[in-house]
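Subject: Structure handover

Hello,

Here is the structure for your files. Please open it first, then read the notes below.

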Amino acid sequence: KNKDSFQIGYINYPKGHEILKHYHPRRKKIIYDNNEALFIKKGKIRINFFDPKNMKKSFCSKILNKNDIILILYGGHGFDVINNVEMLEIKQGPYYPKSNKIKFIK
């Protein structure tokens, strides 16, 4: 969605296509969330989604395999590594681990 503070896209252009010269002007933004995108380079991982108000029970899970990508915009989440995994994580910054992450113990 255009209103989300973090976005990811996949584009496929034919040979010879020209992307016009451009730049993205600086502008002040107020961002209240910490979004992240994960690209699974190899392995297998399960992502479990939780309601941040009740982190005791997952309401949805998804298996991610090699070459999968996921954009996490809202809510609580955790991971179970099924096979050794190598992944690329892209996060909304700046990111401060002590104040931008609330951990829940099982």
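**What was found**

Not counting residues up to four places away in sequence, Asn-35 touches Ser-5, Phe-6, Ile-72, Leu-73, Ile-90, Lys-91 and Gln-92. Contact here means heavy atoms within 4.5 Å. Asn-35 sits in the segment before S1. Its relative accessibility is 1%, so Asn-35 counts as buried. The classes are buried (under 20% relative accessible area), exposed (over 50%) and partly exposed (in between), with a 1.4 Å probe and protein chains only.

Two notes on the source. This is a predicted model, where local features need pLDDT of at least 70 and side-chain atom pairs count only at pLDDT 80 or more, while totals for chains, interfaces and linings use all residues. Residues are numbered from 1 along each chain as its sequence is written, and side-chain values use heavy atoms, with hydrogens and water left out.

**Overall fold**

The chain has one helix and four strands. Its order along the sequence is β-β-β-β-α. The radius of gyration is 17 Å, well over the 13 Å that the globule rule gives for 106 residues, so the chain is more spread out than a compact globule. That radius is taken over C-alpha atoms, and the rule is 2.2 Å times the number of residues to the power 0.38. The C-alpha trace spans about 50 × 35 × 20 Å along its principal axes. Of the 106 residues, 19% are buried. Among contacts with a separation of 6 or more, 74% join residues 24 or more positions apart. Helices (H or I, at least four residues) and strands (E, at least two) are DSSP runs, numbered from the N terminus.

**Core**

Which residues make up the largest nonpolar core? There are eight: Leu-38, Ile-40, Ile-45, Ile-47, Phe-49, Leu-64, Ile-70 and Ile-72. S1 and strand S3 (69-72) each give two or more residues to this core. S1 gives the most, with five. A nonpolar core is a set of buried Ala, Val, Leu, Ile, Met, Phe, Trp, Tyr and Cys residues joined through side-chain atoms within 4.5 Å. Take Leu-64. Leaving aside neighbours within four places in sequence, Leu-64 is in contact with Ile-40, Gly-43, Lys-44, Ile-45, Ile-47 and Ile-70.

The largest pocket has a volume of about 1100 Å³. Its lining has 31 residues, and Met-55, Gly-76, His-77, Lys-101 and Ile-102 lie nearest the centre. Strand S1 (36-51), strand S2 (54-65), strand S4 (76-91) and helix H1 (97-100) each give two or more residues to this lining. S4 supplies the largest share, eight residues. On a 1 Å grid over the protein atoms alone, a pocket is an open set of points where a 1.4 Å probe fits, with protein on both sides within 12 Å along at least five of seven lines; lining residues have an atom within 4 Å of a point. The volume is the space filled by probe spheres set on the points.

**Two further residues**

Tyr-13 is in the segment before S1. At 42% relative accessibility, Tyr-13 counts as partly exposed. Tyr-13 and Asn-48 are 35 residues apart in sequence and 34 Å apart in space, C-alpha to C-alpha.

Asn-67 lies in the loop between S2 and S3. Asn-67 is exposed, with a relative accessible area of 52%. Its phi is near 75°, a positive value in a residue other than glycine. Most residues other than glycine have a negative phi.

Best regards
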